[in-house]
Amino acid sequence: MTSDTLPSLADALAAGTVVLDGGMSNQLAAAGHDLSDDLWSARLLADLPDAVTEAHLAYYRAGADVAITASYQATFEGFGRRGIPHEEAARLLALSVRLGRDAARRARAEGIVRPLWVAASVGPYGAMLADGSEYRGRYGLDVDALERFHRPRLEVLAGAGPDVLALETVPDADEAAALLRAVRGLGVPAWLSYSVAGGLTRAGQPLEEAFALAADVDEVIAVGVNCCAPEDVPGAVEVAARVTGKPVVVYPNSGEVWDARARAWTGPTTFGAEQVAGWREAGARLVGGCCRVGPEGIAGIARVV
């Protein structure tokens, strides 16, 4: 099944549950790659693209139906700080989509016959700053400025032909408003996924207000949460489904907590595939994992689904 003959992801979500992949960074780190650079996993788009393809392939083999590209932290500004010119940065953004397609082709050659989709990751403005502000929002920029930041790379990613744009780990409803403006007219569907804590966006806004922004946006085929504690998922799924009437996307972290000073994960894992049934009952249709959820975790989800 080629990308030209794939059913749409929107149709698949209407028919049932679709499995997302897990954390790109932890899969690359598990393979021995250093991600301490400010570009994080996006550095490997320039330095070792085959490693990105292998990471996608590991998740397809584990049962994921959707691979999220390594473009979360890939921006013209971030690449520019590394001396990478605009034209080369655009090539690397487009390459992130092609690597997902390459992994899907290899998976099919290995005998995987189910539909395999590619989602182009679009991280928040704070991911480019690489200072942790992606988990706070409130950057001091208005919606117009944020739209101007996001639109150019969205245009490049959309032009590379992904099946969907993943507007993910969004901490702030203002940034969501900018992203929702920026995806209009691109001809590629999108999902919108907030990073949340305790029933609020990371910037402290009520989820009802945050999800309502996407309710009438035709380009958005799913709304939900990612890069959050598993404990925050059930309430957010209920609110997202109720406010928007759209399928819900969820891909939480393992439950461990990142210690920025020690640069290490601490605490227990609270994520388990047995939680997925409850999320599905509440309206989740696109389910996977984020930080510290690897192929084994995705295989568990796939078995449940």
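The side chains of R101 and D163 meet in a salt bridge, with N and O 2.8 Å apart, a salt bridge being a side-chain nitrogen of Lys or Arg within 4 Å of a carboxyl oxygen of Asp or Glu. R101 belongs to helix 6 and D163 to the loop between helix 8 (143-159) and strand 4 (164-170), so the pair ties together parts that are 62 residues apart in sequence. Both R101 and D163 are buried, where buried means under 20% relative accessible area, exposed over 50%, and partly exposed in between (1.4 Å probe, protein chains only). The model is predicted, and local features need pLDDT of at least 70, side-chain atom pairs count only at pLDDT 80 or more, and totals for chains, interfaces and linings use all residues. Residues are numbered from 1 along each chain as its sequence is written, and side-chain values use heavy atoms, with hydrogens and water left out. Helices (H or I, at least four residues) and strands (E, at least two) are DSSP runs numbered from the N terminus.

The structure holds 15 salt bridges. D174 forms one of them with R138, the closest N and O atoms being 2.5 Å apart; this pair links D174 in helix 9 (residues 173-182) to R138 in the loop between helix 7 (125-129) and helix 8, 36 residues apart. D174 is partly exposed at 33% relative accessibility, and R138 is partly exposed with a relative accessible area of 48%. R181 forms a salt bridge with D144, again with the closest N and O atoms 2.5 Å apart, and this pair links helix 9, which holds R181, to helix 8, which holds D144, across 37 residues. Salt bridges that share partners join R138, D172 and D174 into one network.

E219, in the loop between helix 10 (207-212) and strand 8 (220-226), is buried yet has no salt bridge, the nearest side chain of opposite charge being that of R184, 4.0 Å away (Lys and Arg count as positive, Asp and Glu as negative, and His and the chain ends are not counted). Leaving aside neighbours within four places in sequence, E219 is in contact (heavy atoms within 4.5 Å) with V183, R184, G185, P189 and A190.

In helix 13 (residues 295-304), I298, A299, G300 and I301 are buried, and the buried residues of helix 13 pack against strand 1 (18-19), helix 4, helix 12 (276-282) and strand 12 (284-287).
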